[in-house]
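Have the model open and your selection tool ready. We will walk through charge pairs, rings and surface.

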Amino acid sequence: MFKKTILLSSSITMALAVSAPVMAQDYEDEIIVTATKRAQTLQEVPIAVSVTSAKTMDRAKILDIVDLQSVVPSLRVTQLQNSAQTNFTIRGFGNGANNAGIEPSVGVFIDGVYRSRSAGSISDLPNLERVEVLRGPQSTLFGKNASAGVISVVTAKPRFETEGFVEAGFGNYNQQSLKGYVTAPLSDDMAVSFGASTNNRDGYFENLETGVDLNQRDRWAIRGQFLYEPSDNFSLRVIVDKDKIDEICCGVANVVAGPTADIITGGGLLTQIGLPLADQGGLGANLVPNDLYAYEGYYDFDPTNKIENQGVSLHADWNVTDEVKLTSITSFRGQEVDFEGDVDFTGAKLVASNRQITSADSFTQELRANIEVGDKANVMVGGFYFKDNLVTDTSLFYGDDFRAFGDYNVYLLQIAAFNAGTAGPPFPLGGALDLVEVFSPPGTSYFAAGQGLEVGFDQKNEALSLFGQVDFDVTDRLTATGGLSYVKDEKTVTSRSSSTDQFSALNLNTFLGGAVSALIPLQFLPPFMDFPNAVEGNTSNDDKITYTARLAYDVKDNLNVYGSVGTGFKASTWNLSRDSRPTAADLVTINAQGLAVPNLSSGTRFASPENSTVYELGVKAKLDRGFVNVAVFDQTIKGFQSNVFSGTGFNLANAGKQSAKGIEVDAAYSPFEGFNLTGGLLLIDPIYDSFVGASGPGGTVVDLSGTEPAGIHKTSWSLGGVYDFSLAGHDTYIRADWIHESKVQAIENVTEAEVGSNAFRKVDSINASMGFDVNDQVSLQLWGRNIFNDEYPLQLFRSVAQEGSFSGYPNAPRTYGASLRWDFD
């Protein structure tokens, strides 16, 4: 018999890591969630979702969405080259990093407002209430770009009581954090709240060239809310927020130093091939070779990341009658991202600047009605509108050492061809480029510092989703659900470019009769063909009907089963990078009409839509002192939008079909009062059913059909425990959690022979914390993340313009600290 009701409300359901939220509650409590955007009990809701409460996040020291994966096995969050490039995956599906045009397959919503890009989702939030992770396609209710799942972040509403807190934290790497929150009534029907946070920390990856630490933290956020509730039937909430990140990030390690690494440092191969002593020193620059976990490297300049997000949203709820409730969420948001970083990740001055500046302004409007029809049915109808204007500009300019780097590269290629019997004796070192300049217009100088390529894009996006869902009680124990959504998405893209890289515009196959064709690999930045043009358009117009169908049956009061099928949709994604190219078919027409810029090759301008389908069977059992929830799923994405780095650029392509079958188990158990255990398990079997046009080394195209996608662990689990007790009359807790992810290949289409043991990723990380209430208002917390310093690659990739070399992002080392909090009312 339930004695108390706890309302967790908003977006979705729950099946996984209700970890501490449920652990901290007595199991006679009944937890209510608004999973399908209406209130139901936790165990009734027939969907797989994880809910992590504010208490859990505080005790586990989860500061942002990146840390959330430590309590949700189905979620993986990876930060890559800069602070804005954060990739979300659920059940192994997801994308969204390294290209401003790619919106995530995992939709992120903060207080019901859609965040179209990951850079708008990763800042620290001052006062969270909970985070919900909904697994599998969610396009029917969430509309745009939720083909793999949804992350819903909910912050606390203002209260009609004065209360708040101030918390200061300190940790290793000179971490200093401060956050505070206050809420207070203005009158009987109006209340406000204000929260702010700062998070600063030195980096743990040293740039030995400049002496500066990379992978630092330097960010702040503020959030203010106004609540107006003149009656129980109407509520109006206004939220204003702003956050800023200004960090030096992120460190990249050399995993394999291939033959071209000797060009950077000198010696080695340059000595073996018999170059004159004066030339054996190469560029004379530095590199930390073959050590992913050195946490140090040489970069001739430090990577900088500047991100600003700001927005305002208006939330209105109106109970028109006892049977009809209207909800409206309106938002205006803006984002600015400015990133500059090295691309070769060595001390050589190969690149003077590699910069991307992006700005985006968006407007969203959601309007929905929940209608109770008699005692048997609940109907929800609504619409979601999204408008976004995006401007992004990229530039890459050569540095002082690039010309010499090119000379050495060409000489090594000529030596290899001569030894293989496919070419004659090589030109002297530097002779090939010198010869090209002799036969070029007077004054021509190739690869001079400051030469390069600039490419920019303007994208306008409008999307509309109309949705409806009906829950019908067939009997007292059997509920049938059906939902439909119509999604329409239109994008218009215009490019602009400017090139001063004259060498990449030469036709070396015919120049001097092909005598210098060995120089072709140095044409890194061929002229960009702008669009729209006489052959290529600049719009994509997609629409799709998605659906949800589900049967849920209460076997008895504490045992529920369900079966469902649902579909998801993600619209076309445009390749907003200098690697954007006409399709092979368009290139034929472009060449036939004599419109091609020099050295134009085929590729993609955009990736077609993703379409996902999931079949799911689930069981939810409530025990006397816990619960066990099990979901079995078969999920498929057709046309998965893959964005893979090949060593010289990113290739955006559709995987024909990617699927995954798996089992998720979520459980919580309290063996005795004060001691609570939680566990989450994911067993998954992913495969590329078909992926013919995958990216291979050196820009080649390979067939990955029948292979397993890299980075998706077949077994993942999280085990957690918390013990609440009294110590000398003071409330105290001890908490620990263990995250395990089984061995998996860390990079696509690469063998262990090429990369060694670093080709694989395996995670066994343990976090722990301890809290102590000094008195009713003051508490102390000690915490540690990755306390045994587990090491694993976040991601590997082929080193830029360094054939045979590989680079990678190492995970964060052990961090620890303490915080002191004062609560007041």
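What follows moves from salt bridges to aromatic rings, then to a helix and the surface.

The model is predicted, so local features need pLDDT of at least 70 and side-chain atom pairs count only at pLDDT 80 or more, while totals for chains, interfaces and linings use all residues. Residues are numbered from 1 along each chain as its sequence is written, and side-chain values use heavy atoms, with hydrogens and water left out.

Start with charge. Side chains of opposite charge can pair when their charged atoms come close. A salt bridge here is a side-chain nitrogen of Lys or Arg within 4 Å of a carboxyl oxygen of Asp or Glu. The structure has 33 of them. One joins R91 to E664, with the closest N and O atoms 2.8 Å apart. R91 sits in the loop between strand 6 (86-90) and strand 7 (106-110), and E664 sits in strand 32 (residues 650-672), so this pair ties together parts 573 residues apart in sequence. Strands (E, at least two residues) and helices (H or I, at least four) are DSSP runs, numbered from the N terminus. R91 has 1% relative accessibility, so it counts as buried. E664 is also buried, at 1%. Buried means under 20% relative accessible area, exposed means over 50%, and partly exposed lies in between (1.4 Å probe, protein chains only). R91 and E664 belong to a salt-bridge network with R135, E616 and D666.

A second bridge links R237 and D111, at 3.9 Å between the closest N and O atoms. R237 is in strand 17 (residues 234-248) and D111 in the loop between strand 7 and strand 8 (113-115), so the pair ties together parts 126 residues apart in sequence. Both residues are buried. R368 and E366 meet in a further bridge, 3.1 Å from N to O. R368 is buried at 14% relative accessibility, and E366 is buried at 7%.

Now the rings. Rings of Phe, Tyr and Trp (its six-membered ring) pair if their centres lie within 6.5 Å; planes under 30 degrees apart are stacked, over 60 edge-to-face, and the rest tilted. This rule gives 30 aromatic pairs. F447 and F503 form a tilted one, 4.9 Å centre to centre with 50° between the planes. F447 lies in the loop between helix 8 (431-438) and strand 24 (452-473), and F503 in the loop between strand 25 (478-499) and strand 26 (539-556), 56 residues apart. F447 is buried at 2% relative accessible area; F503 is buried at 0%. Y723 and F725 make a stacked pair, at 5.0 Å and 20°. Y723 is partly exposed at 35% relative accessibility, and F725 is partly exposed at 22%. Ring pairs also link F447 and F503 with Y398, F402, F405, Y446 and F524 in a cluster.

Next, helix 8. Its buried residues include G431, A432, L433, V436 and E437. Helix 7 (402-419) is among the elements that cover them, where contact means heavy atoms within 4.5 Å.

Finish at V701, in strand 35 (residues 701-702). V701 is exposed, at 63% relative accessibility. Leaving out residues up to four places away in sequence, V701 touches V692, G693 and A694. V701 and L719 are 18 residues apart in sequence and 41 Å apart in space, C-alpha to C-alpha.
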